[in-house]
Amino acid sequence: METLAITKEEESAKMAQPITSISGGQAVLEALIAEDVTTIFGYPGGAIMPIYDALYDYNDRLEHILVRHEQGGIHAAQGYARSSGKVGVVFATSGPGATNLVTGIADAMIDSTPLVCITGQVFAHLLGTDAFQETDVVNITTPVTKWNYQVTEASEIPHVLAKAFYIAKTGRPGPVLIDITKNAQIEKFDYTGYIPCNHIRSYRPKPKVRKEYVEQAAALINEAKKPFVLFGQGVVLGGAEKEFTNFIEKAGLPSAWTILGESAIPTAHPLNVGMLGMHGNYAPNVLTNDCDVLIAVGMRFDDRVTGRLDKYAKQAKIIHLDIDPAEIDKNVKTTVPVWGDCKETLPMLTELLDKKEHTEWLQHFRDLEKEEIKEVIHEELNPTSEIMSMGEVVKILNELTNDDAIIVTDVGQHQMVACRYAKFKNSRSNITSGGLGTMGFGLPAAIGAKYGAPDRTVVAIAGDGGIQMTIQELGTIMQFGADVKILILNNNFLGMVRQWQQLFNDKRYSFVNITSPDYVTVANGYHIPAKKIDKREDLKGALKEMLDHKGAYLLEIMVGKENNVFPMVPQGCSVSEIRLK
Amino acid sequence: MNKQEYTLSIFTENQIGLLNRIAIMFSRRKINVESLNVSPTEIEGISRFTIVINEVEEVVSKLSRQIEKQVEVLKAYYNTNDDVIWQELALYKVPTSVISEKAKVERLLREYGAQAVAIRSDYTVFETVGHRQETEGLLEALAPYGLIEFVRSARVAIIKNSEGFHLKLKEFEQQEPSEAIIENEFLDKRDEVFTM
Ligand SMILES: Cc1ncc(C[n+]2csc(CCOP(=O)(O)OP(=O)(O)O)c2C)c(N)n1
């Protein structure tokens with residue numbers, strides 16, 4: 001079947017041609033093709049069957065990855081979006097299919113990931129009758145979508161999908177859900193082509209940049225003795241890595257990252273001073289309460305980053321660059337707000353900056369870093385005990401991948417360790433569930449990340465707890481041959497919760513003792529080669545074997561049972577009260 | 001900062017589901033909605049929500065920015081009672097016999113500027129329009145005389161210091177039309193295409 005999607009040049013010519021009659025299901029797929037979608041993650045069912053039926057004829061243009069659970073599907077779509085910068089697409093059927101997406105939608109919402117979720121729905125005439133597999137998914141997902149809409153007529157599909165893609169990817173990106181009743185998928189209608197959406201009456205994706213604020217911000221930075229930059233995912237979402245680097249380099253600004261901003265600049269950049277937040281680096285946390293001007297770029301002052309707000313950077317003048325006006329003053333009162341896409345605002349700001357070095361101030365970070373290396377990092381990366389640490393695994397992984405892998409983590413201690421110690425050369429290399437902290441995210445997101453960046457090495461790092469939440473996605477890897485390297489860091493515990501119980505609940509280890517299956521057997525059952533190691537002398541060789549293997553590989557590494565992630569800002573404390581042990 | 005009454009005036013596209021989206025923004029923050037009115041405006045396709053809450057200003061201002069962020073919301077204003085002209089409508093159903101017999105009641109009605117909107121042999125319905133205290137006053141006064149039923153509408157409010165939303169909307173719609181705007185031939189039919 002010939003594609004019905006129309007390019008701009010052909011548009012007027014086509015409009016004059018006789019109209020074609022196509023089904024709603026076909027219209028969905030035409031929209032995806034027109035939006036440059038190549039990969040869909042999904043799971044079929046009764047209420048979405050007409051779309052799947054249409055998909056049968058689109059096999060050559062759209063690759064559909066059949067996951068093993070809809071949650072796996074949406075996490076894969078997230079991983080795809082995060083590694084590629086494109087919109088992730090997921091299909092699910094009505095009722096249980098749709099509700100299985102909810103965790104991933106919430107995760108994508110809080111981490112601003114552009115997704116279009118398409119769910120089937122019962123026939124329009126059955127809506128509200130408690131029909132088989134009918135669930136009000138539009139209302140269920142309202143609080144966790146940027147926008148959602150129920151389609152009940154086929155003819156609505158082209159413009160609704162155009163709107164969906166436009167909303168998902170513009171401004172502050174986010175997940176959009178389109179629920180399509182079965183009759184709308186089946187019905188035929190007169191199709192006149194797909195016209196991308198680029199305007200919605202009530203929607204302003206980018207706030208107007210106010211030049212006077214940019215000038216005020218520049219003046220503050222120029223006067224600052226101890227300026228300090230915090231950057232988040234906004235830099236990556238805006239594709240402003242270069243603009244950001246120019247900005248910090250011109251004024252010599254020490255810069256620290258949130259875990260979603262991590263790979264926006266190379267780890268080795270001389271102005272990169274490390275990770276913020278609860279398990280972040282010592283220097284950036286301590287010096288947050290010492291700087292005179294704090295410049296937040298595309299980050300949202302999450303409580304895991306700020307700790308106690310009433311003791312957060314009280315001494316500093318605060319400049320906040322964000323595309324979402326609702327973020328300004330939400331948690332931290334700003335001195336100067338710079339609304340806008342940082343790809344636009346950063347160059348305007350950089351232009352007005354004086355060239356500076358701030359060598360002495362930067363040295364403070366380096367001095368505190370030395371302290372952290374001495375107290376924590378050295379031992380974590382070069383343990384004297386026989387038992388392996390998570391940190392040394394990450395260190396060797398860095399060496400073997402030449403700092404050039406995409407690292408997708410699950411949630412827990414290993415996540416914090418990976419974020420702390422992984423090194424990156426390229427943007428969009430650190431994929432993790434930040435705002436929602438969703439266990440089970442890692443494995444499926446890694447599958448998606450591989451589809452989003454097929455030429456890159458993708459390593460999933462998971463704990464023994466999280467891997468068991470979505471372990472069924474090994475089946476997806478088996479069937480589609482996704483080349484994902486899976487590292488399970490097994491400490492026989494729900495490690496992060498255990499750490500809290502140790503530190504804050506007198507070691508009352510309540511239900512954190514989790515047992516594991518024989519992962520090697522499980523992986524082999526899915527025809528995925530696997531190995532388990534528990535000795536340091538095997539570590540490097542095993543990692544190398546995993547990375548050298550063509551195709552998926554699972555490596556289980558036994559690590560210290562009661563190791564903790566430090567430094568740590570205990571909950572309810574100020575960031576400068578960060579503990580080194 | 002003290003809590004006080006704020007009136008939010010939210011201009012939106014007329015879209016199914018938006019009421020829920022907006023309501024969730026209050027319930028999620030555990031803010032009680034004192035009064036809610038939704039009505040069409042002088043501009044076709046644009047609805048106006050008038051919502052009254054009791055809150056501190058900081059919360060109200062953050063909340064209205066979050067509301068404004070919703071795709072179909074054009075603008076959310078918030079005002080104190082001093083900033084708005086507002087009214088509520090109240091209806092009172094009383095036994096006609098009492099009204100006709102007790103002159104005192106008649107006087108009461110005059111005092112509160114009430115109007116009879118229906119007079120039947122068994123009951124009479126009066127209406128008053130005003131602020132909460134005014135409509136409440138008549139309610140209390142009528143209670144001993146066999147009040148059968150009472151109902152009060154949500155608040156409607158007009159912002160004193162405003163030129164009307166259509167001017168604002170015009171300005172809003174001129175802002176940064178995207179680059180490809182001219183090529184999009186659906187734009188002049190925007191209402192048909194994008195208002196769902
Ligand atoms: C879906 C979900 N359930 C519960 C939690 C709470 N939680 C956070 S970390 C953690 C422990 C993770 O253990 P594991 O996967 O073994 O990783 P480790 O911390 O040992 O590296 C738990 C239970 C969560 N984040 N997500």
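This is a predicted model: local features need pLDDT of at least 70, side-chain atom pairs count only at pLDDT 80 or more; totals for chains, interfaces and linings use all residues.
## The annotated TPP-binding span of chain A

In the UniProt record, an unreviewed entry, the feature "domain: Thiamine pyrophosphate enzyme TPP-binding" is placed at residues 410–557 of chain A.

Among the sheets of chain A is an open one of six strands, whose order is β16-β15-β17-β18-β20-β19 and whose pairing is parallel. The strands β16 (430–431) and β19 (530–533) of chain A stand at the edges with a single partner strand each, so one side of each is left without a neighbour in the sheet. Within this sheet, strand β15 (residues 406–409) of chain A runs parallel to strand β17 (residues 458–463) of chain A, and four bridges join the two; along this pairing, A:V408 stands opposite A:A460 in β17(A).

## Helices lying across this sheet

Helix α18 (residues 413–421) of chain A lies across β15, β16, β17 and β18 (484–490) of chain A, and its direction makes an angle of about 140° with β17(A). Helix α23 (residues 536–548) of chain A lies across β17, β18, β19 and β20 (553–558) of chain A, in this case running at about 165° to β20(A).

Helix α4 (residues 70–84) of chain A packs against helix α19 (residues 442–452) of chain A at an angle of about 40°, and the axes of the two helices are 6 Å apart. Because of that angle, α4(A) is oblique to α19(A), and the crossing of α4(A) and α19(A) is right-handed.

Which residues of the two helices meet? From α4(A) they are A:G72, A:H75, A:A76, A:G79, A:Y80, A:S83 and A:S84, which meet A:P444, A:A445, A:G448, A:A449, A:Y451 and A:G452 of α19(A).

The end C-alpha atoms of residues 214–349 of chain A lie 6 Å apart, and the span is 33% helix and 20% strand.

Most residues other than glycine have a negative phi, and most peptide bonds are trans. In A:F301, however, phi is near 50°, a positive value in a residue that is not glycine; A:F301 has its place in the loop between β12 (293–297) and α14 (303–306) of chain A. The peptide bond from A:F566 to A:P567 is cis, with omega near 0°, and A:P567 is found in the segment after β20 of chain A.

## Chain B and its annotated ACT span

The UniProt annotation "domain: ACT", from an unreviewed entry, covers residues 7–81 of chain B. The end C-alpha atoms of residues 7–81 of chain B lie 7 Å apart, and this span is 32% helix and 44% strand.

In chain B, strand β2 (residues 33–40) and β3(B) pair in the antiparallel sense over seven bridges, and the bridge partner of B:V38 in β3(B) is B:F49. The strands β2(B) and β3(B) form a hairpin with five residues between them, and in the turn B:G45 has a positive phi of about 85°.

## Confidence in the model

The model scores ipTM 0.88 and pTM 0.93. For chain B the mean pLDDT is 85, and 87% of its residues reach 70 or more. Among the elements of chain B, strand β3 (residues 46–55) has the highest mean pLDDT, 97, whereas helix α7 (residues 190–194) has the lowest, 31. Over residues 176–196 of chain B the pLDDT is below 50, although this stretch has 38 contacts in the model beyond near neighbours in sequence.

Technical notes:
Residues are numbered from 1 along each chain as its sequence is written. Chains are lettered from A and ligands numbered from 1 in the order in which they are written. Side-chain values use heavy atoms; hydrogens and water are left out. Two strands pair if DSSP finds at least two bridges between them. Contact means heavy atoms within 4.5 Å. Axes are lines fitted to C-alpha atoms, for helices over the stretch in contact, and angles run from 0 to 180 degrees between N-to-C directions. UniProt positions are given in the numbering used here, feature names are shortened, and annotations may be inferred rather than shown by experiment. pLDDT is the predictor's confidence in each residue, from 0 to 100. Angles under 35 degrees count as roughly parallel, over 145 as roughly antiparallel, 65 to 115 as roughly perpendicular and the rest as oblique. A crossing is left-handed if the near helix is turned anticlockwise from the far one by less than a right angle, and right-handed if clockwise.
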